[in-house]
Each structure stands twice: as structure tokens, then as C-alpha cells.
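Please read them with the structure open.

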Amino acid sequence: LPSNEQADLLSAMTRDEAASILAQMSPDEAKDARHLLKFDADVAGGLMITEFLAFPVSATVEDVLRDLRENAAEYSDYEIQYAYITAERGRLVGVLRLRDLVLAQAASSIESIMIARPLHLTTQTPLIELKAFFAEHAYFGVPITTDEGALVGVVRRVAVEEAIGQRETEAFLSVSGLSG
């Protein structure tokens, strides 16, 4: 399951049940799940996934393509449209369209083909602002950063649409007296 769905399931369990499942998960997945459990369900941090591609700004096209080939089995589960480019301490500095990567010369720097200063939101961005962002921009996802600008996840458009639909259904059932 994507990291956000893992966190959703764990949050619906008792503390003991969640701890038992976290103990069975790989250390990296358990760490990601624990991190996501800290966020409220109605903010970007609670909706983001932690499965994304990020490469250092100093990488070349050849470096990135080699990494993609070497880790193809792991990355095959990712929903990839873009790779994110980071600088010191994981600070988001660019986004790379995979089309641009494939068509670039192997010796080219990633910095020369990335889109600099990409739009991004923070982990505490509320659901209503996420909805407005996707209404204004035709993106599949938006990178999510800490307040310091470090890349920590991606919120997919579909996750926002599902969350909005769920909130609207809950509100309708509540107003109709059909829940509780």
C-alpha cells in the first residue's frame, strides 16, 4: 500500500494493534508510517505519500538514468510522473519531467534541465487549500516540504479528491441524521 494508506489503516487501529503491525514492517516503511501518523488527516502531511524520486542537484542525466535502471524493481510500485531535485539538507530546488530526462544528453546536468523553484506546499497546508491548488493547477501531484523547505512527500490530486469526497459524504450523512 502507498504510505498514506498504510498510515490511514494504522490510525484506525488500537495502539497495540498498530504497534504490532509496525513491528512487522520494514524499518523504513515503519519509520515513514510513524512520521505520517503525526499529521492530522485534513492537512497535506496526512495525505502525502513518501514514495517519490529525489536526486541531488549535482547529478547528471546519466547518474539518474543509472539509478532508475538499478532500482527499477523498487520504483515500479511508485506512481512516477516527475523526479524532484534537492540541494543541501533535502531542500527542494527543482522538478524534473521524466520526458526531459529521457530526451537529454547523458552528460547534461540535472540542474540544466530541471524546472527551478517549483510550486510546493508545506505539511500543514489544509485540505481546503489543497483543493484550491489543484483547481488552479492541472498537476498530478504537488511536492510537500517542511517549513524549512526540505522535501518530505507528495500529495496526489486523487488523494485530495478522495478526501474531499469523504468529507462531503460525512457532512451529508450527519446533516441527514444518518450517521453517529
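1. Arg97 is partly exposed, at a relative accessible area of 39%. (Buried means under 20% relative accessible area, exposed over 50%, and partly exposed in between, with a 1.4 Å probe and protein chains only.) Asp100 counts as buried at 18%. Arg97 and Asp100 form a salt bridge, with their closest N and O atoms 2.8 Å apart. A salt bridge here is a side-chain nitrogen of Lys or Arg within 4 Å of a carboxyl oxygen of Asp or Glu.

2. A word on the basis. This is a predicted model, in which local features need pLDDT of at least 70 and side-chain atom pairs count only at pLDDT 80 or more, while totals for chains, interfaces and linings use all residues. Residues are numbered from 1 along each chain as its sequence is written, and side-chain values use heavy atoms, with hydrogens and water left out.

3. The structure holds five salt bridges. One of them joins Arg156 and Glu79, at 2.9 Å from N to O. Arg156 sits in strand 7 (residues 151–156) and Glu79 in the loop between helix 6 (72–75) and strand 2 (82–86), so the pair ties together parts that are 77 residues apart in sequence. Helices (H or I, at least four residues) and strands (E, at least two) are DSSP runs, numbered from the N terminus. Arg156 is buried at 12% relative accessibility, whereas Glu79 is exposed at 57%.

4. Which residues make up a network of salt bridges? Glu62, Asp63 and Arg66 are linked in this way. Between Asp63 and Arg66, the closest N and O atoms are 3.5 Å apart. These two residues are three apart in helix 5 (residues 61–70), so about one helical turn separates them. Both ends are partly exposed: Asp63 has a relative accessible area of 33%, and Arg66 has 35%.

5. Three strands form an open sheet in the order 5-6-7, with mixed pairing. Two strands pair if DSSP finds at least two bridges between them. Strand 5 (121–122) and strand 7 are the edges, each pairing on one side only. Strand 5 and strand 6 (residues 141–145) run parallel and are joined by two bridges. Thr122 stands opposite Thr145 in strand 6.

6. Helix 9 (residues 127–136) packs on this sheet and touches strand 5, strand 6 and strand 7. Contact means heavy atoms within 4.5 Å. The direction of helix 9 makes about 135° with that of strand 6. Axes are lines fitted to C-alpha atoms, for helices over the stretch in contact, and angles run from 0 to 180 degrees between N-to-C directions.

7. His137 lies in the loop between helix 9 and strand 6. Is His137 buried or exposed? At 18% relative accessibility, His137 counts as buried. Leaving out residues up to four places away in sequence, His137 touches Leu119 and Arg157.

8. The structure holds four aromatic pairs. Rings of Phe, Tyr and Trp (its six-membered ring) pair if their centres lie within 6.5 Å; planes under 30 degrees apart count as stacked, over 60 as edge-to-face and the rest as tilted. The Phe133 and Phe134 rings have centres 5.4 Å apart and planes at 90°, so this pair is edge-to-face. Both residues are buried. Phe133 and Tyr139 form a tilted pair, with ring centres 5.9 Å apart and planes at 55°. Tyr139 is partly exposed at 33%, while Phe133 has a relative accessible area of 9%. Ring pairs link Phe133, Phe134 and Tyr139 into a cluster.
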